[in-house]
Amino acid sequence: MVTQSAKKFVQRLGPGLITGAADDDPSGIATYSQAGAQFRFALVWTLLLTTPLMIGIQMLSARIGWVTGEGLAANINKLFPRWLTTGLVGLLVVANTINIAADIGAMGEAVRLLVGGPLPLYVLGFGALSIATQVFFSYERTVRVLKWLTLALFAYVAVILTVSVPWRRAISESLQPWSFFPKEVSLKEYAAMVVAVLGTTISPYLFFWQAAQEVEDNRRRPQSQELRAHPEYAAEHLFRIKQDTFVGMSFSNVIALCIVIATAVTLNEHGISNIQTSAQAAEALRPVAGEFAFAVFALGIIGTGLLAVPVLAGSAAYAVSELYGWKAGLSHGFHEAKGFYIIIVAATGIGTVMGDLELDPIKALVWSAIVNGVISVPIMAALMWIGQSRRLMGEHTISLRHRYFGWSATAVMALAVLFMLATSF
């Protein structure tokens with residue numbers, strides 16, 4: 001029987017949990033699958049490194065949204081030149097649309113693998129479903145559905161339980177990755193995969209979405225603006241943000257770890273080292289891990305895709321709407337926030353068409369990773385400036401410890417991008 005304290009804990013989870021779960025979308029699953037298949041356990045260190053950094057930057061995003069009552073684009077626009085904000089938001093929309101294409105294409109391919117049939121029909125169906133749920137569902141219903149969809153990620157825990165994992169070897173290779181570098185892999189390929197993993201775990205669309213959801217939650221509580229000035233109320237809600245974000249980001253990276261380990265002990269051990277899509281990872285699991293592992297992996301792709309596409313489209317819509325001062329939010333109807341919903345429909349529609357064209361999945365993921373890598377560093381730096389600004393944050397500027405983790409995350413992303421660029425020539 002569920003205790004009252006457990007119910008209260010689950011109720012406190014929201015934007016952070018959904019944001020963390022959305023990070024393990026089909027394109028992210030493809031990245032983690034490739035990391036496990038190609039490098040076995042030698043890239044586990046990246047997930048261990050990014051977990052505290054991811055928690056820090058996402059906690060800052062949520063804090064900015066709750067304290068200021070505005071999303072990230074609106075806040076960035078207050079501190080930096082308009083052209084810079086416009087450029088960053090434009091690149092965010094491009095990256096998110098490419099990601100949507102990859103995710104919807106992967107969902108369609110997963111259904112085709114499970115039941116057969118025409119791939120284009122499944123792709124169009126998922127695109128239409130994603131648009132319909134965002135346009136016609138209420139905010140409360142949307143959040144409820146997204147929270148339930150986070151359960152899809154447990155599919156990858158189930159896969160781990162069905163295969164035999166040499167844990168001692170996994171820990172050894174994770175702690176000494178330099179000793180297990182594949183001989184056939186170039187430094188350029190290694191750098192690209194490191195950036196891909198970092199870019200998948202620390203993604204700009206997650207910043208914008210979590211901040212926007214805190215703003216949405218505030219709007220549903222008219223009295224929150226006045227109560228925010230009370231120290232006890234502020235402390236309680238900042239603790240809720242901290243708890244929600246910690247659970248969500250930890251959950252996200254534990255699932256990512258499960259995917260890397262599952263593909264390492266199945267695909268890599270059987271000589272399969274080149275995975276281009278999440279659906280291909282599921283297909284490759286069938287002969288080496290059995291029908292159950294294959295089916296669970298494929299169903300997880302569908303569930304995570306249904307969770308991630310609304311977050312990708314929604315974060316783009318929030319950013320554009322905040323930049324141009326449009327009314328925005330899933331709590332508004334279509335006629336109240338036409339511009340906001342048009343961006344959602346356009347991003348999802350264009351992504352669906354791209355997914356239906358069966359574009360090269362690797363190129364789509366590479367371009368998405370490059371754009372995300374380019375914009376994540378300046379956006380993270382901007383968030384840090386906002387978090388330290390007394391003009392915008394008042395008494396709720398971030399602590400010295402939070403500044404350390406935030407700037408560390410920014411530095412790690414910057415170094416990773418520079419490393420990738422340096423090894424590309």
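The following legends describe close-up views of a predicted model.

Residues are numbered from 1 along each chain as its sequence is written, and side-chain values use heavy atoms, with hydrogens and water left out.

View 1. Helix α16 comprises the 34 residues 291-324; helices (H or I, at least four residues) are DSSP runs numbered from the N terminus. Because 28 of its 34 residues are buried, α16 is largely enclosed by the rest of the structure. Here buried means under 20% relative accessible area, exposed over 50%, and partly exposed in between (1.4 Å probe, protein chains only). Just after α16, Gly-325 adopts a positive phi of about 75°.

**View 2. Contacts of Ser-315.** Ser-315 is located in helix α16 and is buried, with a relative accessible area of 0%. Leaving aside residues up to four places away in sequence, Ser-315 touches Leu-92, Asn-96, Tyr-205, Phe-208 and Trp-209; contact denotes heavy atoms within 4.5 Å.

**View 3. The largest nonpolar core.** A nonpolar core is a set of buried Ala, Val, Leu, Ile, Met, Phe, Trp, Tyr and Cys residues joined through side-chain atoms within 4.5 Å. The largest one has 129 residues, of which Tyr-156, Phe-207, Phe-208, Phe-297 and Phe-340 touch the most other members. Helix α16 supplies the largest share of this core, 18 residues. With residues up to four places away in sequence not counted, the contacts of Phe-340 include Gly-314, Ala-317, Tyr-318 and Ser-321, as well as Trp-326 and Leu-330.

View 4. Glu-173 and Arg-40 meet through their side chains in a salt bridge (3.0 Å, N to O). The pair links helix α10 (residues 167-175), which holds Glu-173, to the loop between α3 (26-39) and α4 (44-68), which holds Arg-40, across 133 residues. Both Glu-173 and Arg-40 are buried. A salt bridge is defined as a side-chain nitrogen of Lys or Arg within 4 Å of a carboxyl oxygen of Asp or Glu, and the whole structure contains 4 of them.

View 5. The closest N and O atoms of the salt bridge between Arg-112 and Glu-109 are 2.3 Å apart. Arg-112 is partly exposed at 32% relative accessibility, whereas Glu-109 is buried at 18%. Elsewhere, salt bridges that share partners join Arg-40, Arg-169 and Glu-173 into one network.

View 6. Lys-78 pairs with Glu-70 in a salt bridge whose closest N and O atoms are 2.4 Å apart. Lys-78 is partly exposed at 41% relative accessibility, and Glu-70 is partly exposed at 28%. Leu-79 lies in helix α5 (residues 72-79) and is partly exposed at 30%. Leu-79, Trp-385 and Trp-407 form a nonpolar surface patch with about 290 Å² of accessible area together. Patches consist of residues with over 30% relative accessible area and no salt bridge, like charges being joined within 9 Å and nonpolar side chains (Val, Leu, Ile, Met, Phe, Trp, Tyr) within 5 Å. Accessible areas come from the Shrake-Rupley method with a 1.4 Å probe; for residues, only the protein chains shown count as cover.

Methods
Predicted model: local features only at pLDDT ≥ 70, side-chain atom pairs only at ≥ 80, totals over all residues. Helix = DSSP H or I, 4+ residues; strand = E, 2+ residues; numbered from the N terminus. Expected span 1.5 Å × (residues − 1).
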